[in-house]
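The following note concerns helix packing and helix geometry. Please read the points alongside the sequence and the model.

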Amino acid sequence: MTSRHRSSEAPKGLNSLSPRRRTVVKAAAASAVLAGPLAAALPARAATDAPAFLHGVASGDPLPDGILLWTRVTPTAEAVPGSGLGPDTEVSWVVARDKAFTNVVAKGSTTATAASDHTVRADIRGLEPATDYWFRFSAGGTDSPVARTRTAPAHDAAVACLRFGVVSCANWEAGYFTAYRHLAARGDLDAWLHLGDYIYEYKSGEYAARDKVVRPHAPANEIITLADYRVRHARYKTDPDLQALHHTAPVVAIWDDHEFADNAWSGGAVNHTEGAEGTWSARKAAATQAYFEWMPVRPAIEGTTYRRLRFGRLADLSLLDLRSFRSQQASTASGSVDDPDRTITGRAQLDWLKAGLKASDTTWRLVGNSVMISPFVVGSLSADLLKPLAKLLGLPQEGLAVNTDQWDGYTDDRRELLAHLRTNAIRNTVFLTGDIHMAWANDVPADAGTYPLSPSAATEFVVTSLTSDNLDDIVKVPEGTVSAIAAPVIRAANRHVHWVDTDRHGYGVLDVTAERAQLDYYVLSDRTSPNATSAWTRSYRTRSGTQKVERTYDPV
């Protein structure tokens, strides 16, 4: 998720929202931090300088006949991520029907170069639908870890069930990624959805766990250059729990703001100082390049993460990019949030989404959505709760009726999309959302101004953060303290909200059948512990044809 605040994700104190000045990262300073901190964090390697696969392997964007494979090879000791050093290295890959690789179905090779930070992507085709495969890479006599992946069902297949992990907002310095470990241990996922904020851009200590760094990331500075973004992606990919999940199932990922900078929009970001930190266009280009180098994402259109995947006749999944084309966030709760000239999607993406939803012939239309689409009125909260909530969301702390970074700040786009669903009788649309560091189960009213008289046009499941601060963390009180007070007030002011948990960290498991789509919410015992346990806490579902959320009392 993205915390909605310049100063809450970069806290200088609870009451401060003033713009912060950041030190300009000179090229020499950037290069000085590359090798040392990252190399020190990497797994030990032999002194023979043989190639090594220190960042694991991954797969993503499953198709009925294919899968995108990814790895990064470290060909020599000095070829650390972001360094621009290291020789061209041949990397081969092999895909098999069994973990022992006795039934090989595909193999090939490519060259890893410094120009792509020695990352490798192989888009494998000719596979069977709805099938488990195992794969590995090799270079210079060294094999990578072996990983499982799975293809999507055939286009017209009658699919009984789909199961996806659902996660967002994984801040390295705020805790351990044990949620990934618990998802990996399930062994029953068709894929897992990452809804944004796979990495965070801040300098060390600027946005941690209740202002305390649980474990330092690299580089120590705020990431601005291509080398910086590469190093930060690389640090995240050394996490053993993240590697374990990538080794277990394919990921389907979109970006939100922190893959770039806090509260990013098409022309800038709250956490970017033009000039002192270079140009936004250069920074955005660097972040985009590093993202596609380091993530197994197959863009349908170059430079954006919006695309669509299909899982037989049961569901299709429209994945949104709500950063690249949006207008700048409104600064007040004035009529500017309703300005039809302002957009969160951009015209082309909104037309693409509407056309895809209308043409869909699947039972369910899932939408991977990085910021909450359901309306959220916050002004009714008392001052002692409104101030920390405003800090989390990046709102002026005197109170606003909307969070202008999410769809509330772009009401014309939302109105057009929801009217399209109603006018065309498009049923079973489920938005899957991250970003807000809280768990929600919502109806999405067709007309936010008249709900509950307005019918519901869709439903929305929102997952909380893996590690990033939420309300009890900002107030620095025991877990559950704030939610016990805030949740009833939020629900009273937002009648379409069936449940909200403002305080805990965790993940979701989405289970889809022809009859219903259900999200099971899981919470972690302690994000700051590498041995945190995971426990089911709640489940909500939407039954086919209802466009309504209801509670159910058992996980799938």
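How are helix 6 and helix 8 oriented to each other: roughly parallel or roughly antiparallel?

1. Helix 6 and helix 8 are roughly parallel (angles under 35 degrees; roughly antiparallel would be over 145). The axes of helix 6 (residues 347-359) and helix 8 (residues 411-423) cross at roughly 15° and come within 10 Å. Helices here are DSSP runs (H or I, at least four residues), and axes are lines fitted to C-alpha atoms over the stretch in contact, with angles from 0 to 180 degrees between N-to-C directions.

2. The model is predicted, local features need pLDDT of at least 70, and side-chain atom pairs count only at pLDDT 80 or more, whereas totals for chains, interfaces and linings use all residues. Residues are numbered from 1 along each chain as its sequence is written, and side-chain values use heavy atoms, without hydrogens or water.

3. Helix 3 (residues 226-237) packs against helix 5 (residues 280-294) at an angle of about 35°, their axes being 8 Å apart. Contact (heavy atoms within 4.5 Å) involves, among others, Tyr229 and His233 of helix 3 and Ala286, Ala290 and Trp294 of helix 5. By class, eight of the contact residues are nonpolar, two polar and four charged (Ala, Val, Leu, Ile, Met, Phe, Trp, Tyr, Cys and Pro count as nonpolar; Asp, Glu, Lys and Arg as charged; the others, Gly among them, as polar).

4. Helix 10 (residues 481-493) bends by about 25° at Ala487, with Pro488 following within four residues; the bend is the angle between axes fitted to the seven residues ending there and the seven starting there. Buried residues (under 20% relative accessible area, 1.4 Å probe, protein chains only) of helix 10 include Val482, Ala487 and Ile490.

How values were computed
Helices (H or I, at least four residues) and strands (E, at least two) are DSSP runs, numbered from the N terminus. Angles under 35 degrees count as roughly parallel, over 145 as roughly antiparallel, 65 to 115 as roughly perpendicular and the rest as oblique. Buried means under 20% relative accessible area, exposed over 50%, partly exposed in between (1.4 Å probe, protein chains only).
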